[in-house]
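Here is a short report on one protein model. Please look at the sequence and the fold before reading on.

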Amino acid sequence: MIKQLAHVCFKSDAPEALIEFYGDKLGLPQKFAMNLDNGTPFGWYFELGETTFIEIFDKAGAAQMWGGSMDPLENGEGARYQHFCIQVKDIEDMRIDLLRKGVEVTECVVGLDHSIQCWIKDPDGNSIELMEYTDKSMQF
């Protein structure tokens with residue numbers, strides 16, 4: 001039986017930029033890191049709510065650990081990722097804070113589901129929707 005989303009995984013050629021973005025700019029706490037046999041970190045988990053995480057892998061380190069290119073397109077897998085959404089509270093305050101930190105953020109709008117949303121991108125260009133539910137949100 002499915003309980004909830006456990007994590008979203010990104011493989012990057014520039015993991016340091018993603019670590020700074022998700023850790024420093026979005027303020028997600030780092031839960032743990034995974035190391036290669038020589039002790040070099042190559043994977044990081046950031047908390048995104050109770051037991052939901054964003055997982056970041058250095059592509060070269062992941063290939064060293066498990067072999068292969070770690071590129072889904074090179075492995076014949078489809079790439080249909082569109083975006084993921086983070087539920088927030090006080091979305092306008094968060095938007096202002098992100099702008100102060102140099103993150104480009106769209107204006108907040110009410111979506112078709114009656115929730116307030118705005119959009120950002122991480123340093124690799126992955127789209128992220130920030131959403132604040134309202135008392136009219138269709139999710140409820």
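A nonpolar core is a set of buried Ala, Val, Leu, Ile, Met, Phe, Trp, Tyr and Cys residues joined through side-chain atoms within 4.5 Å. Buried means under 20% relative accessible area, exposed over 50%, partly exposed in between (1.4 Å probe, protein chains only).

This is a predicted model: local features need pLDDT of at least 70, side-chain atom pairs count only at pLDDT 80 or more, and totals for chains, interfaces and linings use all residues. Residues are numbered from 1 along each chain as its sequence is written, and side-chain values use heavy atoms, with hydrogens and water left out.

The largest nonpolar core has 23 residues; Tyr-22, Leu-26, Phe-84, Ile-120, Ile-128 and Leu-130 touch the most other members. At least two core residues each come from several elements, among them β1 (7-12), β3 (41-47) and α3 (91-100). The largest share, three residues, is supplied by α1. Helices (H or I, at least four residues) and strands (E, at least two) are DSSP runs, numbered from the N terminus.

Next come the contacts (heavy atoms within 4.5 Å). Residues up to four places away in sequence are left out of the table.

| Residue | Contacts |
|---|---|
| Glu-55 | His-7, Val-8, Cys-9, Phe-10, Met-34, Trp-44, Tyr-45 |
| Cys-85 | Glu-129, Met-131 |
| Ile-128 | Phe-21, Tyr-22, Phe-84, Ile-86, Cys-118, Trp-119, Ile-120, Asp-122 |

Cys-85 lies in strand β5 (residues 84-87). Is Cys-85 buried or partly exposed? Cys-85 counts as partly exposed because its relative accessibility is 35%. Its C-alpha atom is separated by 23 Å from that of Met-1.
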